[in-house]
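Subject: Handover of a structure and notes on its contents

Dear colleague,

Please find below the structure that I am handing over to you. My notes on what was found in it follow directly after.

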Amino acid sequence: MTDIHTSAYRQGADTGFYFGLYLSVLFFAMAYSVNFPVLSIVSFILMLGVPVIIYRWLRIYYYRLYGHALFSALWMYGIMIFLCGSLIAAAVSVIYMKWIHPDFMMEQIDASLAILDSSPLPQAKETAETMRLLREHGMLPGPVEISIRMISFNVFTGSMLSALMALLARARGYRPQNKQ
């Protein structure tokens, strides 16, 4: 068990490792949902699980500090979970898109174009044409750019979610377990 005096930064980094694995599984589920539609459901369930997991980790941290964790400490713990987890997931996605499956983005673009071309909506045709122009002119983002955007998005939304979950984790209070 972790030392209860570990800072929110350190504890968040440690927990962020496991969250990074979770986000990596989410990345692969989303990436392959085009080829395996059932993975869309898995991706959705994994996304819905993020607030639940973050709440549980914040609540456990709150209990480890015997209910003395301030809102700011819980919030920072959550932010660190998202930051470190996003760094791990971004590294996994860069390695995958750059060296393991370098045609991944082009395959995703082709699959998206097929879906957009089959749509009767005029906006879909316009989007498809824009995607074709971006591809022809080599203006599609690369693996590193995608990963940097993923980190930014995860940390920004994660900080907001962590604030809400920190409030909820503290709101229930601390109820020590009776030890007999």
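I begin with helix α4, whose buried residues pack against α1 (8-31), α3 (71-100) and α5 (122-136). Helices here (H or I, at least four residues) are DSSP runs numbered from the N terminus, and contact means heavy atoms within 4.5 Å. Buried stands for under 20% relative accessible area, exposed for over 50%, and partly exposed for what lies in between (1.4 Å probe, protein chains only).

Please note that this is a predicted model, in which local features need pLDDT of at least 70 and side-chain atom pairs count only at pLDDT 80 or more, while totals for chains, interfaces and linings use all residues. Residues are numbered from 1 along each chain as its sequence is written, and side-chain values use heavy atoms, with hydrogens and water left out.

Helix α4

The buried residues of α4 are F104, Q108, I109, A111, L113 and L116. The 14 residues of this helix should span 20 Å at 1.5 Å a residue, and the end C-alpha atoms of α4 are 20 Å apart, which agrees; the expected span is 1.5 Å times one less than the number of residues.

M106 also belongs to α4, which covers residues 104-117. With a relative accessible area of 36%, M106 is partly exposed. Setting aside residues up to four places away in sequence, M106 touches R135 and L140. M106 and R135 are separated by 29 residues in sequence, and their C-alpha atoms are 8.3 Å apart in space.

Salt bridges

Side chains of opposite charge can pair when their charged atoms come close. The structure holds three salt bridges, each defined as a side-chain nitrogen of Lys or Arg within 4 Å of a carboxyl oxygen of Asp or Glu.

One of them joins R135 and D110, with the closest N and O atoms 2.3 Å apart. Because R135 lies in helix α5 and D110 in helix α4, this pair ties together parts that are 25 residues apart in sequence. R135 counts as partly exposed at 28% relative accessibility, and D110 counts as partly exposed at 39%.

Another salt bridge is formed by R132 and D117, where the closest N and O atoms are 2.3 Å apart. This pair links distant parts of the chain, with R132 in helix α5 and D117 in helix α4, 15 residues apart. R132 is partly exposed at 23% relative accessibility, as is D117, with a relative accessible area of 34%.

A further salt bridge brings together the side chains of D14 and R10 (3.3 Å, N to O). Both residues, D14 and R10, lie in helix α1, four residues apart, or about one turn of the helix. D14 counts as partly exposed at 31% relative accessibility, whereas R10 is exposed, with a relative accessible area of 51%.

Nonpolar cores

A nonpolar core is a set of buried Ala, Val, Leu, Ile, Met, Phe, Trp, Tyr and Cys residues joined through side-chain atoms within 4.5 Å. The largest such core has 24 residues, of which F19, V50, I54, L58 and L74 touch the most other members. At least two residues of this core come from each of α1, α2, α3 and α6 (143-171). Helix α2 gives the most to this core, with seven residues. Not counting residues up to four places away in sequence, V50 touches F19, Y22, F82 and L161. There is also a second, separate core of six residues, which includes L116, A124, A128 and M131.

S93 in helix α3

Where is S93 found? S93 is in helix α3. At 1% relative accessibility, S93 counts as buried. Beyond its neighbours within four places in sequence, S93 is in contact with F27, S147 and M150.

A nonpolar surface patch

On the surface, M30, F44, M47 and L48 form a nonpolar patch with about 410 Å² of accessible area together. Accessible areas come from the Shrake-Rupley method with a 1.4 Å probe, and for residues only the protein chains shown count as cover. Patches are made of residues with over 30% relative accessible area and no salt bridge, with like charges joined within 9 Å and nonpolar side chains (Val, Leu, Ile, Met, Phe, Trp, Tyr) within 5 Å. Helix α2 (residues 38-64) provides the largest share of the patch, three residues. L48 lies in helix α2 and is exposed, with a relative accessible area of 51%.

With kind regards
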